[in-house]
Every structure is written in structure tokens, then in C-alpha cells.
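Here are my notes on the model, as numbered points. Please keep the sequence and the structure open while reading.

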Amino acid sequence: MEQTNENLLEDFINEYISAKNQLLQGGNPLYALIDKTHYALSQIASLDSHASHTLQSLTQSIQEPMKVAVIGQFSSGKSTFLNALLGKNILPSGITPITAKICHIVYGQDYALEIHYKNGNTATKTLSYLNEANEVQNAKIAFYKLYAPLEILKKISFLDTPGFNSQNQSDTDTTNSVLESVDGIIWLTLIDNVGKHSEKEIIQSHIKRYASKSLCVLNQKDRLKNQDEINTSLEYAKRAFNGLFEEILAISAKNALLSYDAPQEQRGHMRADSQIDFVLDFLHTHIAPLAQESKKRTILTQLRILTLKYARLSFHAYLRFTKCEALLADSARHFTEQYPQSAFYTSFPTLFHTLESHLESLTQHIYNALERTPKDFMRVDKKFGIKTQNTQTKDITTLPRERLSLSLCNTDSTFARHFTKLGFDITATGEEFNALLNTHIGHLNESIIQWYEAFIPALQNSLLQKTLNEIMEAYDELVREHCEHLNAQLMLFAKIITLNYPLAVNLCLNTISLKIQEALEKYTKTPDTLPLFNPTLENIRDELNAGFHFGFLQENLLTQPLHKKALWHFEREQKALCVKQSAIIVTYKEQYIHHFKQLKSLLQILKNI
């Protein structure tokens, strides 16, 4: 697809040139313009209903017949005039309710009348309904659409309008609403009543701005006596309406209509004398080229509007993805700035100090439990070869090991409770770490969700949503991995302190007691050689340190604290993940800026045409 996008403009230019050459040979490049615009826009997003409808309508409009509105003062003979142009007596003459509504006269396979009601409903009737509708029924109708299988309607569709002089402002408003949209305008007036002040005012107010596509038809020339009177009326009309119409013609709609049923030998003369063909010639030679140019201009304008809309969408999407990219980078930077203030970071260092305090208290307690008791020792002295036995009394240190073990390892022991609580505190820091990371990633995920919700609705799609979900899941997985790893380590520390507590205490008591006993036995045998063992605070603490794996705990709680290592690893891997996910966002950015440049070039081409 990327290669296709890169070649889009080149292919478009080549096909446009080809289409232009076809135009010179009778083809129409507008189809290619619409198709290529459709393709270019659809590369950005699925076209919305408005864009699809617009492009479809533009395609259909190429072959649509030109639209000509017939406008005139009330009772100027519009129905007869239209019947004469159509070559068939279809529209009712005289004052009927239908004359107060717009009637679109278009080509159809069969004769039919389509009624469009003001409430949006439609109904199909026979043409006889044109004579049957009453004012009450007509009040509910917005407009009529008459279908007829007539060749002229394949090239021209007519709009019969209410006119401007029917004593009803709504009729005037209705007529005004169609003037700008039609390709040509025929102002129909009576030849013997032309140029009145009221008529000139109407033309000045409503039609003058459309002079280049307007024709003034002086109807009922058959009412004048001779050609001189007709010429006089024509000259007067041209002076009165100077600059208001492209052309002014005098005709007899009645005679033109009668010519269709006249005998064969009279038909040609009657039609020529009616001069109705001059009206058709004007429509084909003047209005038709204008209509084609107007249609081309309208199509190009609509294509430019659509292209500009989607170019803006592309550029705004590029800016939005730039913001998304910054959002990921800001999140990583925010974590680095904020975690030193977190409960996890500030509370973790206190764990070692609490352990140190508990061990100091336990050491002191064991030391204070040492007992000093007098013991008699038999000492052999030798003097002048004569051995003598002397009794010597000396205080020895003893340790009430069993009593201490029971008191210290009992579940009610203050020391046991302290170390158990410390174990819980250690695992609780894992929960604080979990909360820190989950809160951080939760904010990031919420920001991504808000970003997507604020993203351009027309460009929201399941693929982008899936991509964002995968990005959020990657961050969630990163948090899970780091939380699980830290919690496993903290659980080990907690077990060393809590489950290992009675083992460490008994190991200390047994070791100290054994050393006292061994020293006593050696002293008893050779009192002059080896001293008795009197445990110090340092001796007891050393044994407790060994039992509690103090060096391991000190390294992970103080010298190389685990919380800093955990945060450093998470921070590093989060930045690496940010780079990886940003690369995905950059792909979207490049895609939309590429589309923007393509559409910008397309706009220039449409403008140059």
C-alpha cells in the first residue's frame, strides 16, 4: 500500500493527461477526476456518507440534463409555453393549485407524477392528479416531479415555478430559491404588456444578477396584427430590459402547441411562424455550453472542498499523533520526576533501620539474660616437688537457653511480634510499589483513552483502537513483570525475618551456650591455660546476624537498596518501551503527513484545471 500511495500522484497525473486527451476526442475527464479524488480520499479513511453522496452525485451530474427554470408573472401562459416546448399537452392551463408549487419536469420511462410532501413522504399519482388536487391537499405538498418519456427531457429538464406576481410571498420565495441552482432562466411575459414598471422592478430585484443565463420570451405574439407591431414590441422590450437578459424573443406558444395537431401541410409553417425553435436554439447554443462550464466548475469546486477537508483531516491527524508521541515521552519523564516523592521510595529505607533496631533490642535482651553464678574449681599447685590441691571459687557466665527460647519464640513474645510485623511491612512495600506503577500506568492509559476519544471522529477506526490497546497492554505487562519480580524478592526477605526468626534465635542461643560450655570444660582441665567465655554484646549480635543472614539483608535494604534497583530497572525498560511504541506512532504520523502532501498536490492540480 505504501508503494501505491507514493505513486498515487504520478498515476493521477498520467491518467488525467490521458483523460484530457480523451476529452479532445470526445471523452470527459471529469469521471477520472472524480474517481481519482475518491481513491485519494479513501486512502485516509472510509468516506463518510456526505463525501460518498457528494462524489456519487457529482458523477451522476455529468450526464444530467441542463436545468431550465420557466419564470414569469402570473397568467403569462407558462403551462402552454412548457407544453409547446415539450410537444405535448401535459400541464394544465389556467389558475389551479399546482401553479403555486414548483413542478420538476424530467425524463422518465413512463408518464408519472411524483408528489413530495412537506413531511418528507412521497407518493406517485397519475398525471390527472394535476387537475384534481385541491387547495387543502396542495398545502401539504412541497413540490411535484413529473416524469415523461420525451426526447427533449433527456437533454433539458424544466422547472415550472409559481412566479413573482401571485399575491403570495411564499410563491416568490419558492421561485427565488431555484434561480441560483438552474443552468438557464426563461422569463415569460405577455408581448402586449411588456415593460411595465412593476415587471421591471421584479426583474431588477430577482433576475438581473443572472442576466448571462437568462432569456426573455415575449409570448402571444399571435395577438398582434402584423410583424411591424411584433418588431415594435421587441424593440421596446430590448430598450426597457437593456442589460437584463442575454436575448429577447417573441413567440406564440399557442400556435407552437397547435402545430403538433395541425394537418401535415400546415404544421411546418405554423411551427416556424410560432418561432418556438428560436427558444430551443438559444437553449442549445447558449445555455448548454454555459451549463457544461458551470457543471465542470461546480464539480471541481466540490472536489476541491472535499480534498481540502480531507487534507485538513490528515494534517490535524499528524498533529494529534505528534501529541500522542509526546504523551508517551512525557509519561516516562513524569515518572522519573515523581517517584522520589512516592510512599514506596520514602518508606523503604526505614525497613533496614527497623531491622537494626529490633536486632539491637534482641541482642541486649539476650545479653541481659546472662547469669553469673559462683563455681568451685580444684586447682593443683606444685611447690618444691610437692603437689597440693587448692579450691578456687570463681563466677561463671551461664545462659538460660531453654527459658529464653520459650520466651522469645512464643507467639506472644514482643520480639516475635516485632519481627513478624517487620515481615509484613516488607511485603507491604511491594504493595506500595504496585500502587506506584499501576497508578502511573493508569494515568498513561487514561491519557491514551482520552486522546483517542478526542481524536478526529472521521479517522477513528478499529485498527487504530487495536493499536492503542496493544500499546496499553504492553505497558500493563511491563508493570506486571516488575511487580511480580519485586514481590518475589520481598517475600524472600519477609520469610528470612519471620519464618527464620525462631531458627535464628535458637541458633544464637545454642551457639552462645555451647561456647560457654566448651570454654568451661577447657578451663576446668587447664585453668591456667584457657580462660572462661563471657559473651559480649558483639558476640551475641554476630550470632544473630548469622542466623538472620544480616549481610544479605543489609546489602538489599541499605548498601544497594532493592527499591532503587527496582525503580532503575523499571525506568530503563519503560523508556525502551516508550521508544518502541513511539515508533508505531511515528508510522501513523508519516502516513498522515504523506497523505497530506498527496492531497495538497491534488488540490493544486484541481485548482490549475
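1. H549 counts as partly exposed because its relative accessibility is 43%; the classes are buried under 20% relative accessible area, exposed over 50%, and partly exposed in between, with a 1.4 Å probe and protein chains only. H549 sits in the loop between α20 (537-547) and α21 (550-559). Its phi is positive, about 50°, although H549 is not a glycine. Helices (H or I, at least four residues) and strands (E, at least two) are DSSP runs, numbered from the N terminus.

2. A word on the basis. This is a predicted model, in which local features need pLDDT of at least 70 and side-chain atom pairs count only at pLDDT 80 or more, while totals for chains, interfaces and linings use all residues. Residues are numbered from 1 along each chain as its sequence is written, and side-chain values use heavy atoms, with hydrogens and water left out.

3. Confidence comes next. pLDDT is the predictor's confidence in each residue, from 0 to 100. The protein chain has a mean pLDDT of 89, and 93% of its residues reach 70 or more. Over residues 1-6, pLDDT stays under 50. For that stretch the model has eight contacts beyond four places in sequence, a contact being heavy atoms within 4.5 Å. Where pLDDT is low, the predicted coordinates should not be read in detail.

4. Q220 also has a positive phi, near 65°, and is a residue other than glycine. Q220 belongs to the loop between β8 and α10. Its relative accessibility is 22%, so Q220 counts as partly exposed.

5. Now the sheet. How many strands form it, and in what order? Nine strands make an open sheet, ordered β4-β3-β5-β2-β6-β1-β7-β8-β9, with mixed pairing. Two strands pair if DSSP finds at least two bridges between them. β4 (122-125) and β9 (247-250) stand at the edges; each has a single partner strand, so one side of each lacks a neighbour in the sheet. On average, neighbouring strands are turned by 20° against each other, direction ignored. Axes here are lines fitted to C-alpha atoms, for helices over the stretch in contact, and angles run from 0 to 180 degrees between N-to-C directions.

6. Look at β8 on its β7 side. β7 (residues 184-190) and β8 (residues 214-219) are parallel and pair over six bridges. L188 is opposite V217 in β8, and T189 has L218 as its bridge partner there. β7, helix α9 (residues 197-206) and β8 form a right-handed β-α-β unit. Right-handed means that, with the strands pointing away from the viewer, the path from the first strand over the helix to the second runs clockwise.

7. On the other pairing, β8 and β9 run parallel and share four bridges. L215 faces E247 in β9, while L218 is bridged to A250. From β8 the chain crosses through helix α10 (residues 227-240) to β9, again as a right-handed β-α-β crossover.

8. Is β8 mostly covered or mostly open? Mostly covered: six of its six residues are buried. S214, C216 and L218 point one way, and L215, V217 and N219 the other way. In a regular strand the side chains alternate between the two faces of the sheet. Helix α13 (residues 276-338) lies across β1 (66-72), β6 (156-160), β7, β8 and β9, at about 125° to β1.

9. The largest nonpolar core has 93 residues, of which L355, L362, I366, L459 and Y501 touch the most other members. Such a core is a set of buried Ala, Val, Leu, Ile, Met, Phe, Trp, Tyr and Cys residues joined through side-chain atoms within 4.5 Å. Beyond its neighbours within four places in sequence, L362 contacts L408, F415, F419, Y501, V505, L544 and F548. A second, separate core of 43 residues includes V70, F81, I115 and I141.

10. Last, T59, in helix α4 (residues 49-62). T59 counts as partly exposed because its relative accessibility is 29%. Setting aside neighbours within four places in sequence, T59 contacts Y31 and I34.
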